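Here is a short report for a first look at one protein model. Keep the sequence and the 3D view open as you read.

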Amino acid sequence: MKIAVLIKEVPDTGADRELNMYTGLAQRSASEAVLDEIGERTLEVALKVLDADPATQITVLSMGPESIQATVRKSLAMGAAAAVQISDEQLLGADLVLTAQVLAAALRREDYDLILTGNMSTDGSAGMLPVMLAELLNLPAATSLSAISIAEGQITGTRELQGATAQISAKLPAIASITEALPDARFPNFKGIMAAKKKPIEVLTLTDLGVEALPTDTARSIMLAVEQRPPREAGTIMNDDGAAAAALVEYLAKNNLV
């Protein structure tokens, strides 16, 4: 089985982040860049398939500047066999439409049985990329899975809905996205880290993929407004003077928490 895993480098969620008030994007620096946690969990799903079937081939694919190669190497150290990195100055600030077109063009270069991705990145949180890729590649999409099984030429999984649970299945080839309900990823060991240095990373540009970026003054998505999140306010404190239980119930009901 050939599996493609989409990964992304994002600002470290453990560090303080600020928005660029002109672009609306998170300010980034190389010291704060990490492999997105949902990407790690997605790769772990593929690695479990590899554990069961050593003939499985896993390729990670990521779009970003040349500096993301260290992050890509981490995914190779975890167990992926190869990587594809798409780097082009014209992709700086790319919207979801262009991102999907570029990734779809890269994925078309190989006949993958399964394309795995997270349900949404921690920096953009749009949650639209998996279905956009499915549309562009004309593949079934099993999205937002909190449990997943891959066997006998199909993928099955569970999607949690409000007040219900849906059972999802699709024949391969397909695209699947997972949620953070899936297990944490394994840590790269020393053998994996050393092996990653010799694993291939194919670097592609828009020219290689035959994709043309729109001129910078031609926007397909427009940011209408951006503002800093207001400082966190102090929480409500209830003193137990004999009526705290009733006050707590009233507070929870007022805020639709019960």
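## Basis

This is a predicted model: local features need pLDDT of at least 70, side-chain atom pairs count only at pLDDT 80 or more, and totals for chains, interfaces and linings use all residues. Residues are numbered from 1 along each chain as its sequence is written, and side-chain values use heavy atoms, with hydrogens and water left out.

Helices (H or I, at least four residues) and strands (E, at least two) are DSSP runs, numbered from the N terminus.

## Helix H4

Helix H4 covers residues 129-137. Its buried residues are Leu129, Pro130, Leu133, Ala134 and Leu137. Buried means under 20% relative accessible area, exposed over 50%, and partly exposed in between (1.4 Å probe, protein chains only). Down the axis of H4, these buried residues fall within an arc of 140°, so they line one face of the helix. The arc is taken from the directions from the helix axis to the C-beta atoms. An α-helix has 3.6 residues a turn, so residues three or four places apart point the same way.

What do the buried residues of H4 pack against? The partners are strands S1 (2-6), S6 (114-118), S7 (141-145) and S11 (174-178), plus helix H3 (96-107). Contact here means heavy atoms within 4.5 Å. Just after H4, Asn138 takes a positive phi of about 55°.

## The S8-S9-S10 sheet

Three strands form an open sheet in the order S8-S9-S10, with antiparallel pairing. S8 (147-151) and S10 (164-171) are the edge strands, and each pairs on one side only. The twist averages 15° from one strand to the next. Axes are lines fitted to C-alpha atoms, for helices over the stretch in contact, and angles run from 0 to 180 degrees between N-to-C directions.

Two strands pair if DSSP finds at least two bridges between them. S9 (residues 154-161) and S10 are joined by eight bridges. Leu161 stands opposite Ala164 in S10.

## Two buried strand residues

Gln85 sits in strand S5 (residues 82-86). It counts as buried, at 1% relative accessibility. Its side chain reaches the backbone oxygen of Pro65 at 3.3 Å. Beyond four places in sequence, Gln85 touches residues including Ser62, Pro65, Ile68, Val72 and Leu204.

Thr117 lies in strand S6. At 8% relative accessibility, Thr117 also counts as buried. Leaving aside neighbours within four places in sequence, Thr117 is in contact with Leu6, Thr42, Pro130, Ala176, Ser177 and Ile178. One of these, Pro130, is among the buried residues of H4.

Note on methods. A polar contact is a pair of N or O atoms within 3.5 Å; within protein, one must be able to donate a hydrogen and the other to accept it, and residues adjacent in sequence count only if both atoms are side-chain atoms.
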